[in-house]
Amino acid sequence: MARKSRKQAARRGGIGRVIGWGIRGFFLFVVLSVAWVLLYALVPPPITFTMIGDMLNGRSVTKDWMPLETIDDDMKRAAIAGEDSKFCSHNGFDQDAIAEAMRRNARGGRLRGGSTISQQTAKNAFLWQGGGYFRKGLEAWFTLLIETMWSKPRIMEVYLNIAETGIGTYGANAGAQRYFKKDASNLSRSEAARIAAVLPLPKQREAVTPGGFTRRYGNSIAKRIGVVQRDGLDACLYDDGDTAAPAEREERPKAKREDRPKQAEAPAPPPEEDIRDYIEGEPLPPEDPEMPAEEPAEPEPIEPDLNGL
């Protein structure tokens, strides 16, 4: 009897130790993740898990950090137009988009996804690509942290500098250099829209001579850029941070470089290449089922930029 009691006590002691280790591990994770997020609030992320994956697969990694105030305003607007129209008004999660994604999933429809720019930034900066409930849970945690500890401009700055814009290419600036042979400080509206159109599937889409769905999607984003500017959907990226509707503001926040001459816009595509203006809540136009999956054109050899690693 005494022996049985000792075994039970030892078992309870073992369970207690496991629970204690779990609690200590949880608090250690919280402390380290908060410190990590605070560090990236001050310094550019030197490398990401996606970049490491590219290097392990033998690819070179090209990235060229550019401060947000230097990036062309239309590039910022294109990101909002294509990825997250409520970026300035939500707290990191777009409840309407999540609910719509769940409804479409229940119907078996093709998902566009409900991830915001904040969620994508959290994933790109701190986590790995792929799905699964565990990774999505971590993404939610880091999204909460960056929305709490970073400003909206900082979230956009990190996003536009580490998002994959092509095979082995990271950030809008590196993407502009790859596709258009110039930096991201002076993009035309159509060029910014094409880069934004590549973001969802950077390894399968091409910005220079896009075909099929990517071309139509880029045309749609180019039209939405004007809506983002007109309605002040990018207002949180500027100094005053005013997100009120235009009628409630005496003057629209001016882009810091609006007086700088812009490049001429590319000729508008013929009407049959356009798609309807984006309407909140509507699905994107379906891809042509008879069109083969787009393969990116083989880029010119790019020398790896490892100075920032």
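D74 is buried, with a relative accessible area of 4% (buried means under 20%, exposed over 50%, partly exposed in between; 1.4 Å probe, protein chains only). The model is predicted: local features need pLDDT of at least 70, side-chain atom pairs count only at pLDDT 80 or more, and totals for chains, interfaces and linings use all residues. Residues are numbered from 1 along each chain as its sequence is written, and side-chain values use heavy atoms, with hydrogens and water left out.

D74 and R77 form a salt bridge at 3.2 Å, N to O (a side-chain nitrogen of Lys or Arg within 4 Å of a carboxyl oxygen of Asp or Glu). R77 is also buried. D74 has a salt bridge with R189 too, with the closest N and O atoms 3.9 Å apart. This pair links helix α3 to helix α9 (189-198) across 115 residues (helices are DSSP runs of H or I, at least four residues, and strands runs of E, at least two, numbered from the N terminus). R189 is partly exposed at 23% relative accessibility.

## A pair within helix α7

E157 and R154 meet in a salt bridge at 2.7 Å, N to O. Both lie in helix α7 (152-162), three residues apart. E157 is buried at 13% relative accessibility, and R154 is buried at 11%.

## The sheet

Three strands form an open, mixed sheet in the order β1-β3-β2 (two strands pair if DSSP finds at least two bridges between them). The edge strands are β1 (62-63) and β2 (164-166). β2 pairs with β3 (169-170) in the antiparallel sense over two bridges, and E164 stands opposite Y170 in β3.
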